[in-house]
Amino acid sequence: GDDAIYGKYVVLSHAQDLTSVYAGLDDISVDEGDTVSGGKQIAVLGDPMPLEQKQGVHLHLAVSRGEESVDPTSLF
């Protein structure tokens, strides 16, 4: 997707009711409904999220289980 909050972003659905949002992207190479696996490139870094412009180019990663946020580092 592309919107005023995330800029260009990809949402992935995972096992165990996990969802991850990758934002600050460009050249998105997946489409809705695609199946991806570890190691597959889904995009390249682009402009940061509009609210994070001052941080410069970086990947914004948010993970949730249902409605609850999850610390992504706990999954690595």
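In which strand is Leu45 found? Select residues 44-45: they make up strand β5, and Leu45 is found there. Strands (E, at least two residues) are DSSP runs, as are helices (H or I, at least four), and they are numbered from the N terminus.

Before continuing, note that this is a predicted model, in which local features need pLDDT of at least 70 and side-chain atom pairs count only at pLDDT 80 or more, whereas totals for chains, interfaces and linings use all residues. Residues are numbered from 1 along each chain as its sequence is written, and side-chain values use heavy atoms, with hydrogens and water left out.

**The whole chain**

Display the entire protein chain. It has 0 helices and 7 strands, in the order β-β-β-β-β-β-β along the sequence. The C-alpha trace spans about 35 × 25 × 20 Å along its principal axes. For 76 residues, a compact globule would have a radius of gyration near 11 Å, and the 12 Å of the protein chain agrees with this. That radius is taken over C-alpha atoms, and the globule rule is 2.2 Å times the number of residues to the power 0.38. Of the 76 residues, 29% count as buried; buried means under 20% relative accessible area, exposed over 50%, and partly exposed in between (1.4 Å probe, protein chains only).

Leu45 counts as partly exposed because its relative accessibility is 47%.

**His58**

Next, select His58, in the loop between β5 and β6. Its side chain is joined to that of Glu52 by a polar contact of 2.7 Å and to that of Gln55 by one of 3.4 Å. A polar contact is a pair of N or O atoms within 3.5 Å; within protein, one must be able to donate a hydrogen and the other to accept it, and residues adjacent in sequence count only if both atoms are side-chain atoms. Not counting residues up to four places away in sequence, His58 touches Ala23, Gly24, Leu45, Pro48 and Glu52. Here contact means heavy atoms within 4.5 Å.

**Lys8**

Move to Lys8, in strand β2 (residues 7-13). Which side chain makes a polar contact with the side chain of Lys8? The partner is Asp26, at 3.0 Å. Beyond four places in sequence, the contacts of Lys8 include Gly1, Tyr22 and Ile28. The C-alpha atoms of Lys8 and Leu45 are separated by 9.6 Å.

Select Leu61 in strand β6. Its relative accessible area is 27%, so Leu61 is partly exposed. Leaving aside neighbours within four places in sequence, Leu61 is in contact with Ser20, Val21, Tyr22, Pro72 and Phe76.

Finally, select Gly66, in the loop between β6 (60-65) and β7 (68-70). Its C-alpha atom is separated by 6.8 Å from that of Leu18, although the two residues are 48 apart along the chain.
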